[in-house]
Amino acid sequence: MERAIRPRTTPQLTVISTAIQGDHSHPSAEDIYLRVRKVLPRISLGTVYRTLQRLVREGTIQMLFFGERTARYDPTLEEHDHFICQQCGRVEDVRVEREQQMDFASLVRAGFTIAAHSLAIRGVCQLCGRPGEPRRRPRRTGPPVPTKRERTH
Ligand SMILES: [Zn+2]
Ligand SMILES: [Zn+2]
């Protein structure tokens with residue numbers, strides 16, 4: 001348990017905090033680590049991880065999981081949804097209009113306290129879905145294999 005003694009601002013905290021502000025790419029701790037290492041070459045991944053945890057606790061950033069083992073960090077605190085590209089792994093901020101208010105009554109009755117909710121939409125992003133511009137070129141030669149994408153409307 002942490003006491004009320006709040007650790008003072010460290011150079012690491014300032015650099016990491018600056019690195020993630022305004023970043024909408026939902027970086028992982030490792031992404032941030034590679035970035036801040038250019039400014040603080042002796043920083044460890046552990047320090048980056050702990051500092052990110054602290055920013056999450058302090059409510060400066062939020063931590064997200066998109067079915068991966070690694071957490072992603074997001075400086076956007078307003079409620080928003082995410083589009084996750086299954087091809088390039090990009091996570092984009094989106095806002096999906098809700099036709100109706102979502103009904104959480106059953107959850108509340110079951111004892112859950114709702115703080116926020118967001119959608120995680122999975123599919124293929126605009127860049128990967130653009131015809132003729134595959135992000136990852138297949139190594140093999142020969143006729144291109146058409147990739148089938150399911151379209152859901
Ligand atoms: Zn993509
Ligand atoms: Zn986001």
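Modeller: I will start with a helix pair. Gln12, Leu13, Ile16 and Ser17 of α1 meet Thr47, Val48, Thr51, Leu52 and Leu55 of α3. By class, this contact of α1 with α3 has 5 nonpolar, 4 polar and no charged residues. Keep in mind that the model is predicted.

Biologist: Are α1 and α3 roughly parallel or roughly perpendicular to each other?

Modeller: The axes of α1 (residues 11-20) and α3 (residues 45-57) come within 10 Å. They cross at roughly 75 degrees. Angles of 65 to 115 degrees count as roughly perpendicular. The two helices are therefore roughly perpendicular.

Biologist: Is Leu55 buried or exposed?

Modeller: Leu55 lies in helix α3. Around Leu55 there are 20 other C-beta atoms within 10 Å. The cut-off for burial is 20 or more, so Leu55 is buried.

Biologist: Which residues does Leu55 contact, leaving aside neighbours within four places in sequence?

Modeller: Contact here means C-beta atoms within 7 Å. Tyr73 is 18 residues from Leu55 in sequence and 9.8 Å away, C-alpha to C-alpha. With the neighbours within four places set aside, the contacts of Leu55 are Ser17, Thr60 and Ile61.

Biologist: Why do the buried residues of α1 lie on the same side of the helix?

Modeller: The buried residues in α1 are Val15, Ile16, Ala19 and Ile20. They sit on the same side of α1 because their arc around the axis is only 125 degrees. These buried residues pack against α2, α3 and β2 (72-74).

Biologist: In which sense do β3 and β4 pair?

Modeller: Strand β3 covers residues 81-85 and strand β4 residues 91-94. One bridge has His82 with Asp93 as its partner in β4. Ile84 stands opposite Val91 in β4. Over 4 bridges, the sense is antiparallel.

Biologist: Which residue takes a positive phi in the hairpin of β3 and β4?

Modeller: This hairpin has 5 residues between the strands. The phi in question is near 80 degrees. The residue is Gly89.

Biologist: Which strands stand at the edges of the open sheet?

Modeller: The sheet has 3 strands in the order β4-β3-β5, with mixed pairing. Each edge strand has a single partner, so one side of each is left without a neighbour in the sheet. The edge strands are β4 and β5 (120-123).

Biologist: What is the average twist from one strand to the next?

Modeller: The open sheet runs β4-β3-β5. From one strand to the next, the twist averages 25 degrees.

Biologist: Now the whole chain. What pattern does it follow along the sequence?

Modeller: The chain has 5 helices and 5 strands. Buried residues make up 12% of its 153 residues. Read along the sequence, the pattern is α-α-α-β-β-β-β-α-β-α.

Biologist: Among contacts between residues at least 6 apart, what share joins residues at least 24 apart?

Modeller: Count the contacts in the protein chain between residues at least 6 apart in sequence. The share that joins residues at least 24 apart is 53%.

Notes:
Residues are numbered from 1 along each chain as its sequence is written. Chains are lettered from A and ligands numbered from 1 in the order in which they are written. This is a predicted model: local features need pLDDT of at least 70, side-chain atom pairs count only at pLDDT 80 or more; totals for chains, interfaces and linings use all residues. Two strands pair if DSSP finds at least two bridges between them. Axes are lines fitted to C-alpha atoms, for helices over the stretch in contact, and angles run from 0 to 180 degrees between N-to-C directions. Angles under 35 degrees count as roughly parallel, over 145 as roughly antiparallel, 65 to 115 as roughly perpendicular and the rest as oblique. Two residues are in contact if their C-beta atoms, placed from the backbone, lie within 7 Å. Ala, Val, Leu, Ile, Met, Phe, Trp, Tyr, Cys and Pro count as nonpolar, Asp, Glu, Lys and Arg as charged, and the others, Gly among them, as polar. The arc is that of the directions from the helix axis to the C-beta atoms.
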